[in-house]
Amino acid sequence: MSGPDALSPDAVTVADGPELVDTVITGATVLTSTTRPAPGYPQLPREDTAARGTATFLADHAIGIRDGVIAWVRPSAEVEPAVLAQAAVVQARGQVAIPGLMNGHTHSPMTMFRGSAEDVPTSEWFNKHIWPMEVNLTDRDVMLGAQLAVGEMLLAGVTNFADHYFATDRIAEVVEAAGSRAMLASTFFSSQGAEGIERSAAFAERWNGAAGGRITTAMGPHATYTVNDADLATTAEHARRLGVRTHIHAAESLGQTESSLEKHGKTPVQVLHDTGILETGAIIAHGAGIVESDLEWLVPFADRVAVASCPMVYMKHAHTTTPVRLLHDAGITVGLGTDGPASHNTLDVLESLRMMSLKQKDALLDATWLTSAHALDLATRQSAATFGLGDSLGALRPGYQADIVLIDTQKPHLQPMHDLATALVLSVKSSDVTTVFVAGRMLVEHGRLLTIDTQSAAEELTRRIPELTDRSRGSIQEYAP
C-alpha cells in the first residue's frame, strides 16, 4: 500500500490513551482504509497495482470503540481478556467491517412516491407527476417518509445521507431520534422570493451541529435553472456566513448544459463559479452534463467541491452518466448517491456502487476502468469528503467516528471468496448487512432496526396514497431547464 492516504501498520495497531473501551468488535476482516488511484491509471502498467488504488483489509482483527470513536484496530488475539471483560463484545467472525456508507444525494421523504411515476421522460416525470403530487404534502407526510427512508438506509448500511427537501425540520427530528447522521438542506426556488432563501438559511443555522454533531446542514437552492443568479449569489453569502456548503442540482444532463449555453452563454458549472457557490463549497448533484471546459471552474475549488453521482437514475431516465474519469483525472471528488426513491426506487448505496462500476465500464467501453478498489474509495473515503467530513468518517482507523457496518461474507452469492473488494462491489446485497453502528451506538442488530418503527410509517403512508397522488391541484414548479 502506498500514497498519501495509506495507513501505516503503527497507526492501525497502536492504541492512543487508555486500553479500556466501551465496545469491542472482534474477529472481523476490517476494511481500514482506501486510497485514490493515480490520474490516468488505466493507461499505467498493470503491475503498478498501488497506482490503481488500494483497499486495505486486515483479517481477524478487532475494533475498540470508546465514547463513539474508534480507539484502536488490532489483531483479535492481541486484545487482553481484561479489555473484553468490561466491554460489550460483538463477535464478527465471517463478517467484514466497513466504514458506514454515505448517500451523497437524495430526497429521502420521497419514499411516499416510490413507483408512482415510471417509464416517462424527465420533463413529464416532473411536470405531470412529481411536482403536482408534492403540492399535497403535509409536514407529517414528510416525517413518515423520512422514517421509512432512514430505516431503509440503516438496514442497508447507510449511516449518513445528504438530503434536499421540504419541511426539513421534520427530517432532522427523525434523524435525531433514529441515531443516524445527515447533512440536510432546505430546498427553495426563486419563484418563492426571498422567503425561500431565508427559510433555507434559518434552517441551516438552526440545525447545524445538532444531535451531538450528527446533523450538519447545507444551503438548498434547487437547481441552476430554478434559482436565478442573484439568488445563487445570496445563497453563497449565507453559506459563507454560516460556514456550510451548498447542495444543488447542476449539469444534471448534457441537455441541461446545452440549454444553459444557449440561454446564458455559460454552462451550469460556470454559473456556480460566477455566483460564488463553488468558492464556499458545494455538493453538485449528478453532474452528468459536466464537460471538459468546466474543469477550469472546478479545479481551483477541488478541496471543497464534490459531485454526487446517482448512476441508476441516469440509466432509468435515459441520460448520460457522470464523467467520473474526467473528474478523477482532474482531482475532483466523486461521491455516491441514490437520488430520491421516486426516481431510484431504493436508497441502496451498495446497489449504486455496483451500478457505477458497471456503467462506467460500459460508457467508456473500457473494462480496466474503475477497479473495485477505486469503487470502494468512492463509496468510503471520497463519499466522506463529499460531506466535508473526510477527517472523521470514511475509514476505520483510530480517532475516526465509530460508524461501522458489518456484512456477512458467508452467504452463497459471496462464496468462494477470491477477492473481497470485488465481492463488496459486484456481489454483495444490502440484505447481507447484519450490524450497524453510528458514533459507537448500535442501530441495527442481526438485521433488525433498533430505533425506528418503519411498519407504522409504511401503513400510514399507504392509507394516504389517494390524497398524495392527486395531480389536480397545480404544481410547485415547472420543469424547463
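Reader: Is Lys 359 buried or exposed, and at what relative accessibility?

Author: A residue is called buried under 20% relative accessible area, exposed over 50% and partly exposed in between, using a 1.4 Å probe and protein chains only. Lys 359 has 18% relative accessibility and so counts as buried. Please keep in mind that this is a predicted model, in which local features need pLDDT of at least 70 and side-chain atom pairs count only at pLDDT 80 or more, while totals for chains, interfaces and linings use all residues. Residues are numbered from 1 along each chain as its sequence is written, and side-chain values use heavy atoms, with hydrogens and water left out.

Reader: With which residue does Asp 362 form a salt bridge?

Author: The term salt bridge stands for a side-chain nitrogen of Lys or Arg within 4 Å of a carboxyl oxygen of Asp or Glu. Asp 362 pairs in this way with Lys 359, and their closest N and O atoms are 3.7 Å apart. The two are three residues apart in helix 14, and are therefore separated by about one helical turn; helices (H or I, at least four residues) and strands (E, at least two) are DSSP runs, numbered from the N terminus. Asp 362, with a relative accessible area of 48%, is partly exposed.

Reader: How many salt bridges are there by this rule, and which parts does the pair of Asp 366 and Arg 325 tie together?

Author: The count comes to 21 salt bridges. In the salt bridge between Asp 366 and Arg 325, the closest N and O atoms are 2.6 Å apart. Asp 366 lies in the loop between helix 14 (349-364) and helix 15 (372-379), whereas Arg 325 belongs to helix 13 (residues 324-329), so the pair ties together parts that are 41 residues apart in sequence. Asp 366 counts as buried at 16% relative accessibility, and Arg 325 as partly exposed at 21%. Elsewhere, a network of salt bridges links Asp 139, Arg 170 and Glu 173.

Reader: How far from Glu 252 is the nearest side chain of opposite charge?

Author: For charge, Lys and Arg count as positive and Asp and Glu as negative, while His and the chain ends are not counted. Glu 252 is buried yet has no salt bridge, and the nearest side chain of opposite charge, that of Lys 263, is 12 Å away. Glu 252 sits in the loop between strand 10 (245-250) and helix 8 (254-264). Its side chain makes a polar contact, at 2.7 Å, with the side chain of Gln 256; such a contact is a pair of N or O atoms within 3.5 Å, where within protein one must be able to donate a hydrogen and the other to accept it, and residues adjacent in sequence count only if both atoms are side-chain atoms. Leaving aside residues up to four places away in sequence, Glu 252 touches several others, including Tyr 225, His 286 and His 319, where contact means heavy atoms within 4.5 Å.

Reader: What should the 17 residues of helix 4 span?

Author: The expected span of a helix is 1.5 Å times one less than its number of residues. For helix 4 (residues 139-155) this gives 24 Å, which agrees with its end C-alpha atoms being 24 Å apart. Twelve of its 17 residues are buried, so helix 4 is largely enclosed by the rest of the structure; among them are Asp 141, Met 143 and Leu 154.
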